Amino acid sequence: MTRGHDRTMKVTYQFCCIAPLQHHGLGQSAGSKAKSCRVVRRVTVPPVSGDKAHFRSRARRGSLRANHPRRSRRLRPLCRLCPGLSKVFVLQTPYYLIDKTRLLPNLEKIAYLRDASGAKCLLALKCFAAWSVFDFMSDYMDGSTSSSLYEVRLGHEKFPGETHAYSVAYADHEIDQVLECSDKIIFNSIGQLTKFNAVSAGHIRGLRVNPGVSTSEFDLADPARPFSRLGEHDPAAIAGIADQISGLMFHNNCENDSFARFDEMLTLIEDRFGETLHKMDWISLGGGIHFTGEGYPLDQLAARLKGFAATYGVQVYLEPGEAAITGAATLEVTVLDTMHNGKNLAIVDSSVEAHMLDLLIYRESAKMTPDAGDHEWMICGKSCLAGDIFGEFRFPAPLQAGDRLSFQDAAGYTIVKKNWFNGVKMPGIAIRELDGTIRLVRDFGYDDFAAALS
Ligand SMILES: Cc1ncc(COP(=O)(O)O)c(C=O)c1O
């Protein structure tokens, strides 16, 4: 199995700046002043390849300064002896910063729930597929689940453990590879199960069931919306094919942070599909349960899942996406220009439409912390879309070109949805390790833009 690997070396960043470094997503203590966000960073170079002096002399000459605008655009190695160095030192915005110290508490809760309930937890790649942290996550999870051929292949290649395949519909030319890459396949309809019956006969198979109720507050994301295509809904029809499958998948929770509501939903499922549940070996209850949130009654959830598993004699699976990665990444940007048109406007080197698309789709504001001070600014994207606006936030001082800002909650349904609208530079992907070191694991440039088109 191919695993994620580091392509760059680790570097410890030290900031001479006295800014609230939360703006940089780097978790410095509060109480400092925002204006110093502009201060150039100093970089400490750890010994690499035993050539300390070599690095020091380059650092002294200034060629290793972070944020050097000219060098940062070219991703040429700054040093012949140290390929990849430019990618490390020149953390040119925009980039997503995945912080393992923020990821870890979610993962620990997942591990606790697994232990206490017996349920297995699979990462939903549709939400988060930045595979450089899959090895780290896999210590706390059982595998991954997917929504397409490419996702199941990614899970198979990069996420140790079980790999579940699901898709709203598979094409004829996809099915062989989907089966090769997966331990289980979950069909969305009886039609697809029937169509691929012969080819999938030796595989562990399941069916998605739509219980007709959900906790979604958005019509757009409601799997139980009228005329939904997401799963079979008729208990009799499902019972009719029960002998062809060994499991069912339900996904009807959506950012549900209420255990009582989850419990209510599960009871409805039991009432409606109980007879078929008894015939199954495994049941996936999907994602959307916000059990890693502050104050969520994990023990009650664990007891409910354990009881459910015992009642029906099944292995329970959960498919957390958002719950696994919530709060774990930021989008790091730089102010390029400021204007005033009835409000203070700051234009950053990013775009909501291209880099945080869900905010537009669900008409929500980005999050920035701290969001305090006497100066209110509207933070705008650099695409041509008039409504490309991240939101309005408060700062302790007026913003200026060169200021660094950091949008919170940029992991879920964000990195996976980035696109090339307007040819805006796609954010790179950086990882903050548990020891505070930061490494850039992916950068995108013109070649990637051109390669995505023809
Ligand atoms: C089938 C399925 N499983 C899991 C998930 C992950 O949900 P969440 O990210 O809300 O936990 C989704 C999200 O749409 C889904 O459709």
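I take helices (H or I, at least four residues) and strands (E, at least two) as DSSP runs, numbered from the N terminus. I number residues from 1 along each chain as its sequence is written. The model is predicted, so I note that local features need pLDDT of at least 70, side-chain atom pairs count only at pLDDT 80 or more, and totals for chains, interfaces and linings use all residues.

**Cis prolines**

I looked up Pro-94 and found this residue in the loop between α3 (85–89) and β3 (95–99). The peptide bond from Thr-93 to Pro-94 is cis, with omega near 0 degrees. I found a cis bond from Thr-369 to Pro-370 as well, with omega near -5 degrees. Pro-370 sits in the loop between α14 (357–361) and β14 (375–380).

**Confidence**

I read pLDDT as the predictor's confidence in each residue, from 0 to 100. The chain averages 85, and 80% of the residues score at least 70. Over residues 1–89 pLDDT stays under 50. Where pLDDT is low, the predicted coordinates should not be read in detail.

I count 15 helices and 18 strands in the chain. I traced 8 strands closing into a barrel, with parallel pairing, in the order β4-β5-β6-β7-β8-β9-β10-β11. The twist from one strand to the next averages 25 degrees (axes are lines fitted to C-alpha atoms, for helices over the stretch in contact, and angles run from 0 to 180 degrees between N-to-C directions). Two strands pair if DSSP finds at least two bridges between them. Strands β10 (residues 282–284) and β11 (residues 315–318) pair in the parallel sense over 3 bridges. Ser-284 stands opposite Tyr-317 in β11.

**Ile-110**

I placed Ile-110 in helix α4 (residues 100–117). I call a residue buried if 20 or more other C-beta atoms lie within 10 Å of its own, exposed if 12 or fewer, and partly exposed in between, with C-beta atoms placed from the backbone. Ile-110 is buried because 24 other C-beta atoms lie within 10 Å. Not counting residues up to four places away in sequence, Ile-110 touches Cys-121, Tyr-140, Met-141, Thr-292, Pro-320 and Ala-324 (contact: C-beta atoms, placed from the backbone, within 7 Å). The C-alpha atoms of Ile-110 and Pro-320 are separated by 9.0 Å, and the two residues are 210 residues apart along the chain.

**Positive phi**

I found Phe-227 in the loop between β8 (204–209) and α9 (235–240). Phe-227 is not a glycine, yet its phi is positive, near 65 degrees. Phe-227 is exposed, with 4 other C-beta atoms within 10 Å.

Definitions and conventions. Two residues are in contact if their C-beta atoms, placed from the backbone, lie within 7 Å.
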